[in-house]
Amino acid sequence: MIYGDRNTGILVQGATGRQGEFHIGLMNTYARQVGGKGVVAGVTPGKGGQQVHGVQVYNTVKEAMRDHDIGASVIFVPASAAGDAIMEEANAGIETIVCITEHIAVHDTMTAISYARTDGCRVIGPNCPGLLSPGEVKMGIMPAALFSRGNVGVISRSGTLTYEVVDELTRAGIGQSTVLGIGGDPVIGQTFVDVLEEFANDPQTKAVVLIGEVGGNLEEEGAKSTDLPIVSYIAGVSAPPDKRMGHAGAIVEGGEGDARSKIARLRKQGVPVASRVSEIPDMIRDLFRCHC
Amino acid sequence: MKLREYEAKNVIREYGIPVPAGFLIRSENELPAHLDELGDRIVLKAQVDVGGRGKAGGILMADRATAVPTAHSLFKKEIKGLPVQEILAEQRLDIQHEYYLSITVDRSSKQPLILFTEEGGVEIEITARDNPAAIRKAVLLPLMRDIPPFMLRDLLGTAPKEIGAVINKLYRVFCEKDALLAEINPLVMTPCGVFAADAKIIVDDNALGRQGFTVNRDLTEREAEAEKHGFSYVELGGSIGVIGNGAGLTMATLDLIEFYGGKAANFLDVGGGAESERVRHAVRLVASVPTVKVIVVNLLGGITKCDEVAKGIIDADIPQKVIARFAGTNEAEGRKLLSGEGYEMLDTMDLVVKRAVEATS
């Protein structure tokens, strides 16, 4: 597993909002099942002293850090406040920051990520479902019921498409080490390259499913950067140019970032690319066969 | 959202970047009042929201005598299917040299990226292919307020210093206007100094509110209707309507339709946790496209409940058949609700899509 384990204490920013409250409940249900620490503190400015599902809420991240051992955070605050939330956590010294919030202005994201980088912390997202390491830890909103523990890492720019892939893997008897959504925005913190580096140093992970989509070229950069065996799937073969396909970052611009050329480049790099999600489990089995 | 040329030019003019004398007109009758200021060499540019406007006949040259009839004929035209309602009438520049300047969001470095080349006058994609070294690049830390002088010197090469001032000003525009792209192409040198002959600014859709825009003009009527409900929606011209939860899953459903030889009519992502009321709106919107013969619903319920979605589909009460795949929360209840006539429930997205393609071919 990467970016944390059952012993990682998690802080939730936006703890008293509808989303924050709902997902603190789910994350801590999961933590109880696996014997993990789960969410140990919440932050909502002005709501310090309240409790959410038995979790203490603080006014600031620094106050929460004084009382708890916190290694990661999950952000659910509204878009206009999310850049600030990332910077507050980086400033307080939190190592891993998962930002679930969607619709953050790109300039806010650029500033926040740039600032967080100077503090040496790792931002996952924004506009992402977070991560789940089966049997260890859930940081974010992924539906735990579909997951099973194993040796395959999954990295994706998407949410439900990731769950679809995980569902296929689990049904096929292929368990996962860590499943991580890096986010659907044009500017994101941890990219395929960063996450693949983490996976390369993770003894549990033997192969990776890399789920990309139209827009940019981060998939190719990622695949090029690692020696890990990879199976890829790229969504958006049928996406017309200059249309945002749901995610802010899923857009073919100036003839760049279209799915077909992405797939061609990945295949040229020797990465098998599935034409359909349902082909992925068999392709993973083939990989293991070649590498055993 | 893409600003129109005259809007982009108004923005950069406010920041002190010289633009040619010009006037926005909505009828050729408004033109004579401006002829004295425009002089004898005039260019008429249709302000339509499409790319490749010049090649499509949207930019016409004129002189004092021909300006009014030329504008008249341009107002009668359609550029790539769009009527010409506004024309920017500008003084034509005496071009000595053309440069290319753009500032974008670089996904790789997660920072603003400035591109500048002295070899303007050619499409930038062609320069990038044939002479990539001619395109100079600078990556800025978003925390910087100004471009450091050493970076400017590197960018400029042998280009005159006054262009450095334009680059600095355009960087301000880029930062303060929440731009995803700020481009001047061409940036031209004339005997009277440097001018932005064209300007393009794309404002981040997620920042439209704080930039003072109330509507996103890039959206079609149905896309705008979808946005009101918080859906992502794109039209694609085929006969299979597509609804999913989550952008990636919905996109993968479209791709599967193409894989099996079908053609999707549209893409609608209802997002997470949709209740029956939202689903009803979504189904009606997708069904309202005249070419839609059948609708595919691909649902992977985490926080979305399958029975809520089933209720929404039934409440929508549309003439087209709905072929659905439900997985996840309250799956059994959802399947039971959708067992009536006009609905078909299958187990996987492959099966659902295959069935829809058969039904439309």
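In what do the side chains of A:Lys243 and B:Glu223 meet, and at what N to O distance?

Modeller: They meet in a salt bridge, with 2.9 Å from N to O. The model is a predicted one, and that applies to every value below. The pair joins residues of chain A and chain B, and between these two chains the count is 7 salt bridges.

The wider interface can be described by residues and by area. On the side of chain A, 57 residues are in contact with 44 residues of chain B. The size of an interface is often given as the accessible area lost when the parts come together. Here the two chains bury about 4000 Å² between them, and carbon and sulfur atoms account for 57% of that area.

A:Phe22, A:Leu26 and B:Ile303 make a nonpolar patch of about 240 Å². B:Ile303 belongs to the loop that runs between β16 (294-301) and α10 (306-316) of chain B. Its relative accessible area is 32%, so B:Ile303 counts as partly exposed.

Strand β8 of chain B, residues 111-117, gives another picture. Of its 7 residues, 7 are buried, so the strand is largely enclosed by the rest of the structure. Strands of a sheet pair through backbone hydrogen bonds, either parallel or antiparallel. With β7(B), residues 97-106, strand β8(B) pairs in the antiparallel sense over 7 bridges. Opposite B:Pro112 of β8(B) stands B:Val105. The hairpin of β7(B) and β8(B) has 4 residues between the strands, and in it B:Lys110 takes a positive phi near 65°. Strand β8(B) is also joined to β9(B), residues 135-139, by 5 bridges, again in an antiparallel arrangement. There B:Ile114 has B:Ala138 of β9(B) as its bridge partner.

Chain A has an open sheet of 7 strands with mixed pairing, in the order β3-β4-β2-β1-β5-β6-β7. Its edge strands are β3 (51-52) and β7 (122-124), each of which pairs on one side only. A:Val52 is placed opposite A:Val55 of β4(A).

The remaining points concern the backbone. Most residues other than glycine have a negative phi, and most peptide bonds are trans. B:Asn330 sits in the loop between β17 (321-328) and α11 (331-337), and is partly exposed, because its relative accessible area is 27%.

There are cis peptide bonds to note as well. One joins A:Gly125 and A:Pro126, with omega of about 10°; A:Pro126 is in the loop between β7 and β8 (130-133) of chain A. Another joins B:Asn185 and B:Pro186, with omega of about 5°. B:Pro186 is part of strand β10 of chain B, residues 179-190.

Notes: Residues are numbered from 1 along each chain as its sequence is written. Chains are lettered from A and ligands numbered from 1 in the order in which they are written. This is a predicted model: local features need pLDDT of at least 70, side-chain atom pairs count only at pLDDT 80 or more; totals for chains, interfaces and linings use all residues. Side-chain values use heavy atoms; hydrogens and water are left out. Patches are made of residues with over 30% relative accessible area and no salt bridge: like charges are joined within 9 Å, nonpolar side chains (Val, Leu, Ile, Met, Phe, Trp, Tyr) within 5 Å. Accessible areas come from the Shrake-Rupley method with a 1.4 Å probe; for residues, only the protein chains shown count as cover. A salt bridge is a side-chain nitrogen of Lys or Arg within 4 Å of a carboxyl oxygen of Asp or Glu. Helices (H or I, at least four residues) and strands (E, at least two) are DSSP runs, numbered from the N terminus. Buried means under 20% relative accessible area, exposed over 50%, partly exposed in between (1.4 Å probe, protein chains only). Two strands pair if DSSP finds at least two bridges between them. Contact means heavy atoms within 4.5 Å. Buried area is the accessible area (1.4 Å probe) that two parts lose on being put together, summed over both.
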